[in-house]
Structures are given as C-alpha cells and as structure tokens.
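Me: I have a structure open and would like to talk it through with you. Could we go slowly, one part at a time?

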Amino acid sequence: MPRYAKGAIPSPNIWNTPRTYELENRAVDPEGRAEAAMAAIRPWRGATVLDVGCGTGYHLPSLAATAARVVGVEPHEDLVNLARRRCRELPNVEVHTGTAQALPLPDASVDVAVARWAYFFGPGCEPGLAELSRVLRRGGAAFVIDVDAGRGAFGRWFSRSIPTYSARSVEEFWSRQGWQAAELDLRMRFERRADLEAVLRIEFTPEVAGRAIAETAGLEIDYPNLLRWKLY
C-alpha cells in the first residue's frame, strides 16, 4: 500500500534518503536569513503558522518558539511520523498527512503559510495556490522559498540536473499570480566533507553531483534562493 497521500508529488531527495536530507537541513542557512526575511514582511508571533510539505518537521520547532499554533502538512506518512516524534513535547504543534492541493484545514484558519523547497515550483501548482487562498485569513501572508536556478554554481548544477526547468517560465508564472520576489543569499555549512558530498548526491544527477563535488572545496556551498510572497 502507498505510504503517502493521494495526489502527492514525489520528492525523491527526502522521501528516499531522509537521514541525508536531515544533514542538508542542518547545514542550510546557519545565520537564519530565511526566517528573518519572512518575519520582516509578516511576523508570526502569536499567529497560526502552516508549514506546507514539512517533511520530518525540521522547521516546526523554530516556528513554534514564537507562533501560537503551528500546523505541519506532509504527504508522506513515514515523514509525518518522524515530524510528530520530533515535536511530541511541543503542545502548540500538530502534524497532518495531506497535500498542498488538499490542505486538511478549515477556511480562513491560518495567518502565515510557509513552503520551503516543496510543491510550489511554478506552472502546475495552481491547485495549491487556490488552497492557500482558501485557508489564509485576511491580513495573512504566504511564503515560498525555492532555488534560484539563474544564479551561482548551485543554480547551474540545478539546471543541468533538470534541463526541462525554465527559470524564465517560472518567473513569468509567479508574476502572473501576483506574487513578489527577492533574492535570498543562503549558504550550506557542513561539519564533515562526507556529509557535503552525500547531500550533493541526493540533489543532483550522478554526473552533475560528481562535477559539483569536484568543483566544491572545503565545507561550504553558496546556496542562492528566491523568497516569494503574497499578502492576503
């Protein structure tokens, strides 16, 4: 039997290798720039926050530190269980099995929605955008963080691994939907070289991963992203 919600879009990096993806989560954005950038646009202190595609729940505790209530939604049941285990001591966190295009939440029940590297990649994500419009309250905000395929070595590796990806088409899509965007200069910082190489291998095709490993010295990788947002 499938261990994921109907209609889920597979995410091979975390679905197939959650332990390695955990290393990636630990390495990304040690300065906390992503959360700071979002909070500067729409703070979530005392708010209800939704994490769409929360995976193993890595970001739920940090959101819960200031939010009144945090809801994680994840289509893969094994990851849901890991997220619930991670947050079992946090009374203001709940995790549900579900998809972005069928969020298990009432209308107008969320103040801030966040999706990091999950589902909202451009054309085709309209059903999920409709769900965000349904569940967000007036005065709320939705944020999407994704790789900037047009910048840096990481963007080049990303584009070579997914040659059908068109950064221009994605930008045009988000502009038509009325979303704003800003560059987000993140980095990954690893404790061990083996961890860095393992992460590159789950993110790219074998050939591209080999090139990326050869081109990367030390324990850090520049990780250019885009922060997209819409106010409701």
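Me: Let's start with Glu-215: what is its relative accessible area?
Reply: Glu-215 has a relative accessible area of 42%, so it counts as partly exposed, where buried means under 20% relative accessible area, exposed over 50% and partly exposed in between, with a 1.4 Å probe and protein chains only. Please keep in mind that this is a predicted model, in which local features need pLDDT of at least 70 and side-chain atom pairs count only at pLDDT 80 or more, while totals for chains, interfaces and linings use all residues. Residues are numbered from 1 along each chain as its sequence is written, and side-chain values use heavy atoms, with hydrogens and water left out.

Me: Which side chain does Glu-215 meet in a salt bridge?
Reply: The side chain of Glu-215 meets that of Arg-156, at 3.2 Å from N to O; a salt bridge here is a side-chain nitrogen of Lys or Arg within 4 Å of a carboxyl oxygen of Asp or Glu. Glu-215 lies in helix 10 (residues 206-215) and Arg-156 in helix 7 (residues 152-161), so the pair ties together parts that are 59 residues apart in sequence. Helices (H or I, at least four residues) and strands (E, at least two) are DSSP runs, numbered from the N terminus.

Me: And Arg-156, what does it count as?
Reply: Arg-156 counts as partly exposed, because its relative accessibility is 32%.

Me: How many salt bridges does the count come to?
Reply: The count comes to 20 salt bridges. Another of them joins Arg-187 and Glu-31, with N and O 2.4 Å apart. Arg-187 belongs to strand 6 (residues 180-189), whereas Glu-31 sits in the loop between helix 2 (18-27) and helix 3 (33-41), so this pair links parts that are 156 residues apart in sequence.

Me: Which residue does Arg-116 form a salt bridge with?
Reply: Arg-116 forms one with Glu-35, and their closest N and O atoms are 3.1 Å apart. Since Arg-116 is in strand 4 and Glu-35 in helix 3, the pair ties together parts that are 81 residues apart in sequence. Arg-116 itself counts as buried, at 8% relative accessibility.

Me: Switching to strand 1, how many of its residues are buried?
Reply: In strand 1 (residues 48-52), 5 of its 5 residues are buried. Both faces are covered, with Thr-48, Leu-50 and Val-52 on one side and Val-49 and Asp-51 on the other. In a regular strand the side chains alternate between the two faces of the sheet.

Me: Which strands does strand 1 pair with?
Reply: Strand 1 runs parallel to strand 2 (residues 69-74), with 5 bridges between them, and pairs in the parallel sense with strand 4 (residues 110-116) over 3 bridges; two strands pair if DSSP finds at least two bridges between them. Asp-51 has Gly-72 as its bridge partner in strand 2 and Val-114 in strand 4.

Me: What is in the largest nonpolar core?
Reply: The largest nonpolar core has 75 residues, and Leu-50 is one of those with the most contacts inside it. Such a core is a set of buried Ala, Val, Leu, Ile, Met, Phe, Trp, Tyr and Cys residues joined through side-chain atoms within 4.5 Å.
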